[in-house]
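Please look over the sequence and the model before reading on.

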Amino acid sequence: MSLKAWLGIDKIQKLGQIVKEIGGVKAVLKKRYLMDVTRVGTLVGTDTFGNRYYENNAYFVPRNRWVEFPDKVWLDYDATQVPPEWHSWLHHITDDAPSVKPPPTQSFVLEHKENTTLDADRKYIPYSTTRTKVQGWQPGQKPQFD
């Protein structure tokens, strides 16, 4: 064991390299706030939503691939914002990234869209032709009994 390792100087040097690669202390703090981890890796590709996909084989296998969501979503990100081809790469279903080997296109496959259930302006509300069994009371309205 070297003196550097024993004193922990190698860890400080590695932290300095990470800070330099990410782009400074401010960028590190932002990344740490958004992702809860501070990782660096090689950019493998991006998708149509602006997500960036990284890989670093120095980390152990389930954690060596990750996605960084664009700044426009800030903390409102979820798994539906990752297209299926990138999902399969992130979860080690395939070894080749979609940027290297794109999946075959089929005419019957729809374009991937994120889940908009929580977005009040874009959520799907089905039209109902039946009356509700229980009707809420409205102020100033007489109760109706059937």
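This is a predicted model: local features need pLDDT of at least 70, side-chain atom pairs count only at pLDDT 80 or more; totals for chains, interfaces and linings use all residues.

In soluble globular proteins, nonpolar side chains tend to be buried together. Here the largest nonpolar core is made of 9 residues: Y53, V67, F69, V73, V82, W86, W89, L90 and A97. Helix 4, which spans residues 84–90, supplies the largest share of this core, with 3 residues.

Setting aside residues up to four places away in sequence, V67 touches M35, N51, R52, Y53, V82 and L90. F69 is placed in the loop between strand 3 and helix 4. Its relative accessibility is 15%, and because buried means under 20%, F69 counts as buried.

## A buried loop residue

N64 sits in the loop between strand 2 (52–55) and strand 3 (65–68). The relative accessible area of N64 is 4%, so this residue is buried. Its side chain makes a polar contact of 2.8 Å with the side chain of N57. Beyond the neighbours within four places in sequence, N64 is in contact with Y54, E55, N56, N57, Y59 and H92.

## Salt bridges

The structure has 4 salt bridges. One of them joins the side chains of D71 and K30, at 3.0 Å from N to O. D71 belongs to the loop between strand 3 and helix 3's partner K30 lies in helix 3 (residues 25–35), so the pair ties together parts 41 residues apart in sequence. D71, at 47% relative accessibility, is partly exposed, and K30 is partly exposed at 34%.

E68 forms a salt bridge with K31, with the closest N and O atoms 2.8 Å apart. This pair links strand 3, which holds E68, to helix 3, which holds K31, across 37 residues. E68 is buried at 7% relative accessibility, and K31 is buried at 14%. K31, R52 and E68 are linked in a network of salt bridges.

R65 and E55 form a salt bridge as well, their closest N and O atoms being 3.1 Å apart. R65 is in strand 3 and E55 in strand 2, 10 residues apart. Both R65 and E55 are buried.

## Surface patch

M1, L3, W6, L7 and I9 make up a nonpolar patch on the surface, with about 650 Å² of accessible area together. Helix 1 (residues 3–7) gives the most to this patch, with 3 residues. W6 lies in helix 1 and is exposed, at 62% relative accessibility.

Definitions and conventions:
Residues are numbered from 1 along each chain as its sequence is written. Side-chain values use heavy atoms; hydrogens and water are left out. A nonpolar core is a set of buried Ala, Val, Leu, Ile, Met, Phe, Trp, Tyr and Cys residues joined through side-chain atoms within 4.5 Å. Buried means under 20% relative accessible area, exposed over 50%, partly exposed in between (1.4 Å probe, protein chains only). Helices (H or I, at least four residues) and strands (E, at least two) are DSSP runs, numbered from the N terminus. Contact means heavy atoms within 4.5 Å. A polar contact is a pair of N or O atoms within 3.5 Å; within protein, one must be able to donate a hydrogen and the other to accept it, and residues adjacent in sequence count only if both atoms are side-chain atoms. Patches are made of residues with over 30% relative accessible area and no salt bridge: like charges are joined within 9 Å, nonpolar side chains (Val, Leu, Ile, Met, Phe, Trp, Tyr) within 5 Å. Accessible areas come from the Shrake-Rupley method with a 1.4 Å probe; for residues, only the protein chains shown count as cover.
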